[in-house]
Amino acid sequence: TEFPFPIIEQLISSIKPHHPRLIFDKNDINDIRSTLMTTRKDGWLAVKKMADESLDLDMPEPPWYASISKEDDYNTRRLEYRKYFRYIRKYVDEGMQSLALAWLMTGEQKYADKAKELLFVVVEWDPHGITSSNEIGFDEPGLSLARTMHRVYDWLYDALSEEERAIIRDNVIERTRDTWNRVGLKRPFMQ
């Protein structure tokens, strides 16, 4: 089966100018909110519970395994990396996303504030450094950031100042390029 590569210009022209536009469209938010305690109740309560628990998170540490040499002590680095990946998921995959989504659905500022606080810690991490998705064998933290930061940015868009948007957008663009360099440019479907 052939899977033709999409025409980039068509994809770009179909992007809506408003936010949110990823997963949830701005024009559908009120309808979605009206179903949070009916048809979406179970899913919503799980997200809200995770967001409420995430309000108590401290700030995430940068990857501590970075100081362990791959060449000199690969096994120790690998063990610490695995510990770190389990550790960082509660901040990135769970915390930031659930908080941003809870803010999008409720408008409660406490969720936006905490999501932004977490986001501005991880946005300081070099997208081409230890949290790069090109850190082969040690890439899960970078892939988590690449997978989640654009959604959090999109969902928090109205809670961010222009300056905050620019900072996050620049980091998201670099993480996207970094991931594209790994999975897009180095894959046979691009040949």
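Select Arg165 and Tyr157: Arg165 lies over the face of the Tyr157 ring, 3.8 Å from the ring centre. A charge sits over a ring when NZ of Lys or CZ of Arg is within 6 Å of the ring centre and within 35 degrees of the ring normal. This is a predicted model, in which local features need pLDDT of at least 70 and side-chain atom pairs count only at pLDDT 80 or more, while totals for chains, interfaces and linings use all residues. Residues are numbered from 1 along each chain as its sequence is written, and side-chain values use heavy atoms, with hydrogens and water left out.

Next, select Arg77 and Phe138. The charged end of Arg77 is placed over the Phe138 ring, 4.7 Å from its centre. Phe138 also belongs to an aromatic cluster, together with Trp64, Tyr65, Tyr74, Tyr81, Tyr84, Tyr87 and Tyr91. Rings of Phe, Tyr and Trp (its six-membered ring) pair if their centres lie within 6.5 Å; planes under 30 degrees apart count as stacked, over 60 as edge-to-face and the rest as tilted.

In the whole structure, eleven aromatic pairs are found. For one of them, select Trp64 and Tyr84: the ring centres are 4.9 Å apart and the planes stand at 85°, so the pair is edge-to-face. Trp64 is in the loop between helix 3 (41–54) and helix 4, Tyr84 is in helix 4, and the two are 20 residues apart. Helices (H or I, at least four residues) are DSSP runs, numbered from the N terminus. Tyr84 is buried at 0% relative accessible area, whereas Trp64, at 28%, is partly exposed. Buried means under 20% relative accessible area, exposed over 50%, and partly exposed in between (1.4 Å probe, protein chains only).

Which residues line the largest cavity? Select Ile88, Val92, Trp125, Thr131, Pro141, Ser144 and Leu145. On a 1 Å grid over the protein atoms alone, a cavity is a set of points where a 1.4 Å probe fits but cannot get out, and lining residues have an atom within 4 Å of a point. Helix 6 gives the most to this lining, with three residues.

Finally, move to the loop between helix 1 (8–13) and helix 2 (29–33), where Pro20 is found. A cis peptide bond joins His19 to Pro20, with omega at about -5°. Ile23 is also found in the loop between helix 1 and helix 2; its phi is positive, near 70°. Ile23 is exposed, with 61% relative accessible area.

How values were computed:
On a 1 Å grid over the protein atoms alone, a cavity is a set of points where a 1.4 Å probe fits but cannot get out, and a pocket is an open set with protein on both sides within 12 Å along at least five of seven lines; lining residues have an atom within 4 Å of a point.
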